[in-house]
Amino acid sequence: MEEAAKLESFMKWATTLGVSDSPFISGDDDEQLQNPDHRQTPSCLGQSLTISYFPNAGGRGLCAVRDLPKGQLILKVPKSALMTSQNLMSNDLNLSISVSKFSLSSTQILTVALLNEVGKGKLSWWYPYLTQFPSNYDILASFDQFQIQALQVDDAIWAAEKALEKTKMEWKSATGIMEELVFKPHYKSFKAWIWASGSISSRTMHVPWDGAGCFCPVGDFFNYAAPEEEQVVSEDFMADGMCVNGRSTRLTDGVFEDESDAYCFYARTNYRKGDQVLLSYGTYTNLELLEHYGFILNSNPNDKAYIPLPCDLHSLHSWPKDSLYINHSGTPSFAMLAAMRLWATPTRLHKSIRHLCYSGLPISTENEIIVMEWLQKKCLQVLKNLSTSIEEDELLLTVLEKEFESVMEVKNVLLGLTGESSMFLKVNGLLEDGIGGEMGLSKKTKRSLEKWKLAIWWRVRYKKMLHDCILYCIRVINDLSE
Ligand SMILES: C[S@@+](CC[C@H](N)C(=O)[O-])C[C@H]1O[C@@H](n2cnc3c(N)ncnc32)[C@H](O)[C@@H]1O
């Protein structure tokens, strides 16, 4: 079946399960706002949303078919349509018996349950939905050594290696149950496990009864937008579960609601007809987006850059280490600036100026200049120690944007361009004898190219934050020196 037919069949399936984007008056499920004949509508979408393609903003996503006011309920997915570990097990006795015999985490259970279901092929009740899952993911755990090293920054390399190791451990400790369930070799391979982990990490929604979350048909077509500052602030400063205007304040705009026994999605802002309707999955740095979702944002207000700080700094303050970073815009975080001001003060004066530091106030012009000069020097040093500059990375990205028709073309462009580009050819076997020049690029090579591009893109964003921090420090020093 071709993709369009699979999508059509999925939409019919979702409609029969009661998935609906008909406009509801908030809080009253049955009252229709605009179209009282919605029950005759043949598709679960079309009243508020439609599926569309957004090449530079997530690919397939959901588009507003009318103006959608902020806060309006725009999609409801009944609990019975959610694919969870529980309902996968309740419909498969073998699976539930096996799960009860092994000690597995909730994510491992959902991973095994998903692979078990996919293994049933067309016989699975979920088949129309499963056809809509991507065939591969670019999450960090799927990066090979070349792609990991392309991140260049130690923290990022470490995060990627940790993600890979964790996924491998989870897979290894689930081999027993996969054998007991007599998975075909393909479904018990590490590659299949990465696919299932990628599906869970990038497509599940939070539910209160299962730490692994649930798959939400149609709801998982929403692409991501970073939360607005207002939402982040409310999460930071309000106790969990606090209510504003009767609705719980949270970072995401999709939530499981007991009263309607459904996953409900609300417009996070006012949308005009034709806009892509986005969902905030949470507050993530670009590295976290890459780790869990396999993409990054060019402009991510929640991005952070960590740099090595003076070793004697950490004993002076009580802020958590991960609160000391450079912001997306290049400014040092509140905690980083405060800790560094304290660090740049002679120990004998700490007691008298600590309250100023903790209030975020500068200590003195001299102190501020010491901090800014140190930061500027450190950012320069970090940038210098990375093997490529921002300009080189950007040039490489421009070259890689090209749609390569053949192996010959890739070789012509990449061979000798940089050490890294030659290495790409080597690790992908494109330099071996017998690789025909006119041959098109294999799917594997194309995927490898995409992940390499993501790694380069990530490191450019990191370097730009450091570069902007240098400019910020220079500006402050100049202002103070006037
Ligand atoms: C829950 S799915 C969203 C729907 C997805 N586009 C699809 O076709 O099924 C999440 C995935 O969509 C992609 N995505 C979501 N938001 C994105 C964005 N703002 N930019 C790039 N990719 C995005 C990423 O691949 C992510 O892992």
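Which strand gives the most to the shell around the ligand? Strand 4 does, with three residues. This is a predicted model: local features need pLDDT of at least 70, side-chain atom pairs count only at pLDDT 80 or more, and totals for chains, interfaces and linings use all residues. Residues are numbered from 1 along each chain as its sequence is written.

**Confidence**
- pLDDT is the predictor's confidence in each residue, from 0 to 100.
- The protein chain averages 90, and 90% of the residues score at least 70.
- Residues 25-39 have a pLDDT below 50, with 18 contacts in the model beyond near neighbours in sequence. (Two residues are in contact if their C-beta atoms, placed from the backbone, lie within 7 Å.)
- Residues 230-251 stay under 50 too, and the model has 17 contacts for them beyond four places in sequence.
- For the complex, the predictor gives an ipTM of 0.99 and a pTM of 0.92.

**Around the ligand**
- Among the 15 residues around the ligand, the nearest are G58, R60, S202, N223 and Y224. (Near means that the C-beta atom, placed from the backbone, lies within 6 Å of the molecule.)
- At least two shell residues come from each of strand 4 (59-64), helix 9 (190-203) and strand 8 (223-224). (Helices, H or I of at least four residues, and strands, E of at least two, are DSSP runs numbered from the N terminus.)
- The shell holds six nonpolar, six polar and three charged residues. (Ala, Val, Leu, Ile, Met, Phe, Trp, Tyr, Cys and Pro count as nonpolar; Asp, Glu, Lys and Arg as charged; the others, Gly among them, as polar.)

**Sheet and hairpin**
- Four strands form an open sheet in the order 3-4-13-8, with mixed pairing. (Two strands pair if DSSP finds at least two bridges between them.)
- Strand 3 (49-54) and strand 8 stand at the edges with a single partner strand each, so one side of each lacks a neighbour in the sheet.
- Strand 4 and strand 13 (residues 276-279) run antiparallel, joined by two bridges.
- L62 has V277 as its bridge partner in strand 13.
- Strand 6 (residues 204-207) pairs antiparallel with strand 7 (residues 210-215) over three bridges.
- A hairpin of two residues links strand 6 to strand 7, and M205 stands opposite C214.

**Nonpolar core**
- The largest nonpolar core has 119 residues; V77, V277 and W458 touch the most other members. (A core is a set of buried Ala, Val, Leu, Ile, Met, Phe, Trp, Tyr and Cys residues joined through C-beta atoms within 7 Å; buried means 20 or more other C-beta atoms within 10 Å of a residue's own, with C-beta atoms placed from the backbone.)
- Helix 18 (residues 443-481) gives the most to this core, with 12 residues.

Note on methods
A residue is buried if 20 or more other C-beta atoms lie within 10 Å of its own, exposed if 12 or fewer, and partly exposed in between; C-beta atoms are placed from the backbone.
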